[in-house]
Amino acid sequence: AVQQGFSAVFGGLNARAAGRMPPHSAERVRALLPIVLAMVAALVSYRWSLLTVSVSFTLTIKTLGPLFTMAFTLLLLRERTPASRALSVLPVVFGVAITTLTESDFHVLGLLAALLSTAAQSMQMVLAKSTLSREDLRIGKTELFYKVALYSLML
């Protein structure tokens, strides 16, 4: 919450100083809400994971991010990942599988929380890419960052 608070305050101050305070229309809020929900889910489940398993285990699971990103990109944006890039993720998947099997501090809830966090973070990135490419919204990267931080703080 502290990070989102600082991002919202400084993003708003930056936009106000530049004279381009973006509007808070209902259409923009609806477009950003899925990104906000994914971000909050990622943050909450990440901390939940840290409470139940070791930091190293959580971070190892989070290396599966590219796998989730490729899947969500295909499902939501209909963009295919080149085979060479997809194959480069396989060693990471095998490494995570070996680590999971040999982890002494293993807990199923911690694993699920880390997986949820990783999936939600990947979803957030894919949704942000989709929103930035929408011509009807004309949202820039700075505005997206500022508004997502602000709305997640309110949630």
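Visitor: Quick one on R134: is R134 buried, partly exposed or exposed?
Guide: R134 counts as partly exposed, at 32% relative accessibility (buried is under 20% relative accessible area, exposed over 50%, partly exposed in between, with a 1.4 Å probe and protein chains only). Keep in mind that this is a predicted model, where local features need pLDDT of at least 70 and side-chain atom pairs need 80 or more, while totals for chains, interfaces and linings use all residues. Residues are numbered from 1 along each chain as its sequence is written, and side-chain values use heavy atoms, leaving out hydrogens and water.

Visitor: OK, which side chain meets R134 in a salt bridge at 4.0 Å, N to O?
Guide: That's E27 (a salt bridge is a side-chain nitrogen of Lys or Arg within 4 Å of a carboxyl oxygen of Asp or Glu). E27 sits in helix 2 and R134 in the loop between helix 7 (108-132) and helix 8, so the pair links distant parts of the chain, 107 residues apart (helices are DSSP runs of H or I, at least four residues, numbered from the N terminus). E27 is partly exposed too, with a relative accessible area of 38%.

Visitor: And what links up with E27 and R134 in a network?
Guide: D136 does, through salt bridges. The closest N and O atoms of R134 and D136 are 2.8 Å apart.

Visitor: How many salt bridges does the structure hold?
Guide: There are 5. One of them joins K147 to E143, with the closest N and O atoms 3.1 Å apart.

Visitor: Where do K147 and E143 lie?
Guide: Both are in helix 8, 4 residues apart, which is about one turn of the helix.

Visitor: Switching topic: at what angle do helix 2 and helix 8 pack?
Guide: Helix 2 (residues 26-52) and helix 8 (residues 141-154) pack at about 70°, and their axes are 9 Å apart (axes are lines fitted to C-alpha atoms over the stretch in contact, and angles run from 0 to 180 degrees between N-to-C directions). That makes helix 2 roughly perpendicular to helix 8 (the word covers 65 to 115 degrees).

Visitor: Which residues in helix 2 meet helix 8?
Guide: R28, V29, L32, I35, V36, M39 and V40. On the helix 8 side, they meet E143, L144, K147, V148, Y151 and S152 (contact means heavy atoms within 4.5 Å).

Notes. Helices (H or I, at least four residues) and strands (E, at least two) are DSSP runs, numbered from the N terminus. Angles under 35 degrees count as roughly parallel, over 145 as roughly antiparallel, 65 to 115 as roughly perpendicular and the rest as oblique.
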